[in-house]
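Please look over the structure shown below.

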Amino acid sequence: MSSSHSFVIETHNLSKTYKGVEALKDLNLSVQQHSIFGFLGPNGAGKSTTIKLLLGLSRPSNGSAKIFGYDIQRDSICIRKRVGYLAQDPRFYEHMTARETLHFTARFFYSGTPTEIEKRVAETLELVGLEDKADRPIKGFSGGERQRLGIAQAQVNYPDLLILDEPAASLDPQGRHDVLEVMERLRKHTTIFYSTHILSDVQRVSDTVAILDHGKLISQAPIEELLNGNSAPVYTLGLKGETEKARLRLVSLPWVTGIQAERVNNHVSWEITVSDDQLAEAQLLPQVLSGGEIIVLEYGRRKFDLEDIFLALTEGDKNGNS
Amino acid sequence: METANGLRMVNGHGWRTGFANLFQMASGSFWHTKKWLIQTGIWLLCMNGVMTSILWKIPADRVSQAAASLGSIKTMQAAQDNLIAFAVMIFLTVGALALPIAAIITSQEAIIGERQSGTAAWLLSKPVSRPAFILSKLAASTLGMSVTAVAIQGAVAYSMLSLRIGTPWPLTGFLGSMGMVILNIFFYLTLTYMLGSIFSNRGPVLGISLALALVGPSYLRAIPVIKDITPWAFFVNITEDVPLGLGLALGRSPASVTSIIGTTLICLVFIAVTLLRFQREEF
């Protein structure tokens, strides 16, 4: 398998303009196979536009994209045979039951006797926990039940790629929890590309994140990398006792580039910026403790909250644009 | 290709991808409910009810005389004077006026409704070609109306006519006439689909198609050429001669089939425009 084939989705300067308004600008995205890829951005950032372009529901104004190596415009049907899609506000035929809807959906992918298809449908209903409501017309479904049916119909063909547009946006906390749990259950079978504006969801289930704002990709990175921040590594320490000697020891080290100290109640809090993460990991704590004059209350490498990262990036982009 | 649990992958390619499943669904929502029975009942009452009541009001001693002179009917006046021919004319006229309206009303939602409800976007995210989406619906509507409003009504009418005159009614011409009724319905179905692909709300779709159905035939005298590309002169007379559809039903050979060919071509143009417009649609 060539390196490009390990990417399920690849976009190249993908752009979309609606009536003179640029909804998506030169999007370059690579989604690794078997990842849960969170596509993050505020409302109107261009997330749904991107998804619709990928599925052939809309045409790009410029640029191109490939899914499984197939061109999204030329080979859309080949792509859709291997994709499951949940729309932001999933709509079905209201008079049909959940079971009928899944039978109908399954027949776009499979042929077989009703009994054979029913087996697959039953599996999918179980996956989303809709077995007891399977024979009720959809018109009586709650938002959460519709969303679960949406996931079921997206998953009925064992897709190689699941595209979910805001899968948890309209749900209450329990519904959100259920949906994220289903996503986690599916991660071993498929690649999941999902859009959201809920930062905590992304932090919980994604392994890679792309941040989109005003139709522009601001950042794309593995979640760990993003949470560690792009600047120099920072270590935090909570200390008690005589800290001055330890501080002098540290500032003399060539790989320590800065120390910010702050007194908090009866202890001191340090933020130490380093230029060499490996040396810091190995030597920072022993250096602090070597004098024997202080007690370490807290020690760790500083992690950023996704919200900090998101706000910093989107604000930075606004400033850059202005 | 077989999957792990014995299911076989559907191998649809090109424009037919998804057609069979969509057609089955669209047909199922008609044939697996009481809709088809209700429609059959309505048409039975409207088309055959009126014709049968006329047929059975003809005094028995005048039936054989009227039946014997059917072959010589050449003008509208002669058709109106012969009560059997008049009954057939009423059957066809009711069909020619009412069936297009039914076709328009039942199909005006086919594209717009699915687009507005979001189900079109859902279906098109599956392996479904856009032509399959349109053609499956059109095929299901045409089949539904052709069976309930033409085939069943035609069979009942043919039986009644044969029973009343005591010998089998000329079959070939009658079948040809029923084919023209189907073409008339198909014209309005394809027209409504085309308008549904052009406009984004129901008003213009319903307005334009109903206006053409109700007012269109009155322009036949002013613009005679439109009789060659529309079904408007199939069952309505613009000259003293019996119209083509009635003539066929009475067992006459058609003088010209230009209007049949022209209407078929126009239907194909409507379908082509619908497919082109829908291909460009963004969801």
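This is a predicted model: local features need pLDDT of at least 70, side-chain atom pairs count only at pLDDT 80 or more; totals for chains, interfaces and linings use all residues.

Residues are numbered from 1 along each chain as its sequence is written, chains are lettered from A and ligands numbered from 1 in the order in which they are written, and side-chain values use heavy atoms, leaving out hydrogens and water.

Q: What makes residues of chain A and chain B count as being in contact?
A: Contact means heavy atoms within 4.5 Å. By that rule, 32 residues of chain A are in contact with 35 residues of chain B.

Q: How is the area buried between chain A and chain B defined, and what is its value?
A: Buried area is the accessible area (1.4 Å probe) that two parts lose on being put together, summed over both. Between chain A and chain B this is about 3,100 Å², with 57% given by carbon and sulfur atoms. On the side of chain A, A:L57, A:Y93 and A:F108 supply 23% of the area buried against chain B, more than any other three residues.

Q: Why is the pair of A:E116 and B:R8 called a salt bridge?
A: The term requires a side-chain nitrogen of Lys or Arg within 4 Å of a carboxyl oxygen of Asp or Glu. The closest N and O atoms of A:E116 and B:R8 are 3.9 Å apart, so the pair qualifies. This pair crosses between chains, from helix α4 of chain A to strand β1 of chain B; helices (H or I, at least four residues) and strands (E, at least two) are DSSP runs, numbered from the N terminus.

Q: Why is A:E116 called neither buried nor exposed?
A: Buried means under 20% relative accessible area and exposed over 50%, with partly exposed in between (1.4 Å probe, protein chains only). A:E116 has 25% relative accessibility and therefore counts as partly exposed. B:R8, at 35%, is likewise partly exposed.

Q: How do you know that β8(A) and β1(B) pair?
A: Two strands pair if DSSP finds at least two bridges between them. Two bridges join β8(A) to β1(B), and the strands run antiparallel. In β1(B), B:M9 is the bridge partner of A:Y110.

Q: What makes A:R249 and A:E293 a salt bridge?
A: Their closest N and O atoms are 3.2 Å apart, so the pair meets the salt-bridge rule. A:R249 lies in helix α9 and A:E293 in the loop between α10 and β16, 44 residues apart.
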